[in-house]
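Subject: Structure handover

Hello,

The structure we spoke about follows below. My notes on it come after that.

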2 protein chains.
Amino acid sequence: MRMQRAEQTTGAHIEEDNLVVGVDVGGTKIAAGVVNAQGQVSGRIKLPTDTSSVEHTLQAIALSIRSAIQAAHVPSQRIKAVGLGIPGIVDPAQGVCQLSVNLGWQHVAVKAWLERELQLPCFIENDVSVAALGEGLYGVGKGQENAVYLSLGTGIAARAIIHGRLYRGAHGMAGEIGHTVFAPSGPLCRCGARGCLEALAAGPALARNAEDKLQRGESSLLEGIMQEQAVADLRAEHVFEAAARDDALAGQILREAGQHLAYSIYLLAMIFDPQMVVIGGGLAVEGSPLIGATRTGLTHWMKQAPVFREMLSQDAVRLASLQGDAGIVGAAALAIAEARTRSFL
Amino acid sequence: MRMQRAEQTTGAHIEEDNLVVGVDVGGTKIAAGVVNAQGQVSGRIKLPTDTSSVEHTLQAIALSIRSAIQAAHVPSQRIKAVGLGIPGIVDPAQGVCQLSVNLGWQHVAVKAWLERELQLPCFIENDVSVAALGEGLYGVGKGQENAVYLSLGTGIAARAIIHGRLYRGAHGMAGEIGHTVFAPSGPLCRCGARGCLEALAAGPALARNAEDKLQRGESSLLEGIMQEQAVADLRAEHVFEAAARDDALAGQILREAGQHLAYSIYLLAMIFDPQMVVIGGGLAVEGSPLIGATRTGLTHWMKQAPVFREMLSQDAVRLASLQGDAGIVGAAALAIAEARTRSFL
């Protein structure tokens, strides 16, 4: 017994000394930082994403990692692993990014390239999965046994954290609620189906919905807002701005999107039975009318469906808390989880 | 290192000798059997369920366990644990059945009572969860990393087996697809909501749907079938029989129910991303028109939704294979899993 306790103490001591680097690889910028076992970030670095070639993008990633280590002023031998969140389809076991539209990547062996370059164990995952890990382990979901993370932005996807680990499913596609059909005769989605949640409620869908209504001659403050800002393309933020000015058309678009989002949270809760649902991504803004409409939709389902009411309360539906650090902390959480599994952390 | 290997060998040896008893507690009968680590059953016993009092029901369960051990002709010291599947809401951690309508139970401390009576570790779970464990670990789902079990009968519920273990969720309610609303203006469900899957496609729903159509004056072979059999109440099996005789009304009822069931499998697959979906329960009969209609509905979704097509094939949707032994083997799987977790098996 005494030996066991001594080992545990040593283990804890080593852990506190160890650090990892978390990297948030985006289509326009790369953010990196040094992260400790408590999820605290130091040496934050932001670089533009050089997408002129695969090699250049990988070099920019390597540069961001080295710069973060320098900026954190820590001896490099304390850095034990690197985690990366990548916007696209990722095979974490092979360390390969199969497809990233944003980076212009197809079958890029990210892990092998970086490990050769940096002489450090590297782990990659999809960016939404990484954000889910970050929020689940170090953000608002900290301490929960099970949490579902719903990412709202240009795309919509959910990920579940079960017993402190990302649940990937058989093909790494668990939580693909964004490409689940809610309205079979609805608008065409980029996945090829009609009426997916993403085609009904993601950022581009809100903009497209507004454009359709304007073209049908409905009146709205939206045209004035676009003239003021001298922009040609209507975007989701314009719909939010119009809604904030009590525009009826914008309000209706967000109400409808909120109803679809509420149904998606209802389904995720009925199927995963999580302790918490965390809403993250670019559209998860406190006080936003989209989040308000989603909560109104949830109240409807709680009234309508007694079993759901027992499973989830409004308090258990929370907005992501890590803000700008989400990608870095999430990628670090991936590195920490993977390194611990392989027992070198 | 040598010590570790020796321990492992001993462990494997002990495991093969060890046996558990699996008990399927139903509202009308109790089935029990002795099960080995390979899921093989011996000493099958079936007793009527004495529901005249809680004490009597518990005594009948204890009797079924002792009888199964006797019938299996094995020394009782080889029996290391007992697993029980109970039709109702179960708290496995406390070992309490909170509510069983079929048994007339409310807050019955099953585990404590049986452990005192039998001097053996006992583990309880909901009967659908137990069937999911049995099919996932020893039945058609054997060898799969993740499987979803969909039980179709008087009720409808799904359960997920993840990495060889039952996934319970935060409140033990993960997989409550039966009480998920698919048609908000649909028929009232016993849970209080309208248009739940269970109210649209479970056995009683099929019968109710047929009765409604008959009362509206639609013509069908159903009335003749009920007269032939001299029964007053229309049941799901009459709808199946009429459909088998090409009755249009019965065929339409099963087609509609199949569409709802297909949508439920679609949702479960998009959210859990399982390697396999196993359909079990009383209505999961090979060649049944309900299963046929469900497969037709799945083909529709596979055509409609490219992402779903990548995640699940018709081959990955299977009928349960354990037949009459499902409850016993599933309960035994629970006992084996729990006993291993507590390392006395």
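Into which domains is chain A divided? Chain A has domain 1 (17-135 + 324-341) and domain 2 (144-321), with bounds that come from an automatic or database domain assignment.

Some conventions before the rest. This is a predicted model, in which local features need pLDDT of at least 70 and side-chain atom pairs count only at pLDDT 80 or more, while totals for chains, interfaces and linings use all residues. Residues are numbered from 1 along each chain as its sequence is written, chains are lettered from A and ligands numbered from 1 in the order in which they are written, and side-chain values use heavy atoms, with hydrogens and water left out.

Domain interface in chain A

The centres of domain 1 of chain A and domain 2 of chain A, taken over C-alpha atoms, are separated by 28 Å. Their contact (heavy atoms within 4.5 Å) takes 12 residues from domain 1 of chain A and 11 residues from domain 2 of chain A. Between them the two domains bury about 980 Å², with 59% of it on carbon and sulfur atoms; buried area is the accessible area (1.4 Å probe) that two parts lose on being put together, summed over both. On the domain 1 side, A:Val128, A:Ala132 and A:Glu135 lose the most area to domain 2 of chain A, and together they make up 48% of what that side buries.

The rule finds two salt bridges across this interface, a salt bridge being a side-chain nitrogen of Lys or Arg within 4 Å of a carboxyl oxygen of Asp or Glu. A:Glu338 forms a salt bridge with A:Arg165, where the closest N and O atoms are 3.7 Å apart.

Which elements supply the domain 1 side? β8 (122-126), α4 (127-137) and α12 (326-341) of chain A each give at least two residues to it; helices (H or I, at least four residues) and strands (E, at least two) are DSSP runs, numbered from the N terminus. The largest share, six residues, comes from α4(A).

Interface of chain B and chain A

Here the contact takes 38 residues from chain B and 38 residues from chain A. The two chains bury about 3100 Å² between them, 65% of it on carbon and sulfur atoms. The count of salt bridges between chain B and chain A is zero. On the chain B side, α9, α10 (289-304) and α11 (306-311) each supply at least two residues, and α9(B) gives the most, with seven residues.

Single residues

Is B:Ile225 buried or exposed? B:Ile225 is found in helix α7 (residues 222-229) of chain B and is buried, with a relative accessible area of 0%; buried means under 20% relative accessible area, exposed over 50%, partly exposed in between (1.4 Å probe, protein chains only). Leaving aside neighbours within four places in sequence, B:Ile225 is in contact with B:His238, B:Glu241, B:Ala242 and B:Arg245.

A:Ala230 lies in the loop between α7 (222-228) and α8 (236-244) of chain A and is exposed, with a relative accessible area of 69%. B:Asp246 sits in the loop between α8 (236-244) and α9 (248-272) of chain B, and counts as exposed at 71% relative accessibility.

Regards
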